[in-house]
Amino acid sequence: MQGAATTEELLEIHGRIRACVTCRLHVTRTQAVPGYGPVEARIMAVGEAPGEKEDQQGRPFVGAAGKLLTELVESIGLTRRDLYITNTVKCRPPGNRDPELDEVAACSRFLDEQIALLRPDVILILGRHALNRLLPESAGISRLHGERVVRDDRVYVPLYHPAAALYNGSLRETLLADMRRVRSYLDEAEGMRHAPAAPPPEAVAADQLSLFAQ
Ligand code: SF4
């Protein structure tokens, strides 16, 4: 069985991201933005790319959208300690343009490593760019938001990007409702963790035999 991930392992990935010069985005960045949150986080949120403030501060989701994301997490009884945030690309595209496909591809390995290390109970996919990266060829956000999508043993929940909900009250309500569904997915994951292990096949067989014997 795989051991618990350590902060050192996460920081090692962060260090490689900060030093990365694999794609052209390293030329225009102030600094790379690896991710933020504890290695024990049960939820990982994945956005598109760092913006201007994130590029300056080296942390993801530092503006109003980040504040809303924290509120959403708190609305289901969790705290920022339960959340690890990152993006599909770790360096800011100039002028906040969309990341190019080759930039997303170049940066993919880091996101894959972060997911493999943290093994979160739920991965929140924030917006359509992250959706394209993590669940390619799936239906759009408007259809999938709030749904649980299990792929390769991982649980994904697409959500509207919090930035889109900042000035749209109904989208904010949708996000809150979707987060309540996320709470139920987390509760199920928790229940599975604490469920007694299934008895080995021989034990089941023996038990059934004793039923027939009576
Ligand atoms: S966006 Fe990703 S691949 Fe490109 S330079 Fe930054 S860390 Fe490296």
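This is a predicted model: local features need pLDDT of at least 70, side-chain atom pairs count only at pLDDT 80 or more; totals for chains, interfaces and linings use all residues.
The protein chain contains 10 helices and 5 strands. Its C-alpha trace extends over about 75 × 40 × 30 Å along the principal axes. Of the 214 residues in the chain, 35% are buried. Among contacts between residues at least 6 apart in sequence, 71% join residues at least 24 apart.

All told, 5 strands form an open sheet with mixed pairing, in the order E2-E1-E3-E5-E4. E2 and E4 stand at the edges with a single partner strand each, so one side of each has no neighbour in the sheet. From one strand to the next, the twist averages 25°. As a reminder, strands of a sheet pair through backbone hydrogen bonds, in either a parallel or an antiparallel sense.

Taking the sheet in order, E2 pairs with strand E1 (residues 43-47) in the parallel sense over 5 bridges. Within this pair, isoleucine 43 has leucine 83 of E2 as its bridge partner. E1 also runs parallel to E3, and 4 bridges join the two; here methionine 44 stands opposite isoleucine 123 in E3. The pairing of E3 with E5 is again in the parallel sense, over 4 bridges, and leucine 124 has valine 157 in E5 as its bridge partner. The pairing of E4 with E5 is antiparallel, over 3 bridges, with arginine 151 opposite arginine 154 in E5.

In strand E2 (residues 83-87), 5 of the 5 residues are buried, so the strand is largely enclosed by the rest of the structure. In a regular strand, side chains alternate between the two faces of the sheet. Both faces of E2 are covered, with Leu83, Ile85 and Asn87 buried on one side and Tyr84 and Thr86 buried on the other. E2 is thus a strand that lacks a neighbour on one side in the sheet and yet has both of its faces covered. For E3, 4 of the 5 residues are buried, so this strand too is largely enclosed by the rest of the structure.

The buried residues of H9 are Leu175, Met179, Val182 and Leu186. In an α-helix there are 3.6 residues a turn, so residues three or four places apart point the same way. The partners against which the buried residues of H9 pack are helix H4 (64-74), strand E3 (122-126), strand E5 (154-159) and helix H8 (162-165).

Attention now turns to the ligand. Of the 14 residues around the ligand, those that come nearest are Cys20, Cys23, His26, Cys91 and Cys107. By class, this shell has 10 nonpolar, 2 polar and 2 charged residues. Helix H2 (25-28) and helix H5 (101-118) each supply at least two residues of the shell, and the largest share, 3 residues, comes from H5.

Most residues other than glycine have a negative phi. Arginine 119, although not a glycine, has a positive phi of about 45°. This residue is found in the loop between H5 and E3 and is partly exposed, with 13 other C-beta atoms within 10 Å. Aspartate 153 likewise has a positive phi, near 70°, without being a glycine. Aspartate 153 lies in the loop between strand E4 (149-151) and E5 and is exposed, with 6 other C-beta atoms within 10 Å.

Glycine 58 is found in the loop between helix H3 (52-57) and H4. With 17 C-beta neighbours inside 10 Å, glycine 58 counts as partly exposed. Leaving aside residues up to four places away in sequence, glycine 58 touches Gln31 and Val33. Glycine 58 and glutamine 31 are 27 residues apart in sequence, while their C-alpha atoms are 6.1 Å apart in space.

Note on methods: Residues are numbered from 1 along each chain as its sequence is written. A residue is near a molecule or strand if its C-beta atom, placed from the backbone, lies within 6 Å of it. Ala, Val, Leu, Ile, Met, Phe, Trp, Tyr, Cys and Pro count as nonpolar, Asp, Glu, Lys and Arg as charged, and the others, Gly among them, as polar. A residue is buried if 20 or more other C-beta atoms lie within 10 Å of its own, exposed if 12 or fewer, and partly exposed in between; C-beta atoms are placed from the backbone. Two residues are in contact if their C-beta atoms, placed from the backbone, lie within 7 Å. Two strands pair if DSSP finds at least two bridges between them. Axes are lines fitted to C-alpha atoms, for helices over the stretch in contact, and angles run from 0 to 180 degrees between N-to-C directions.
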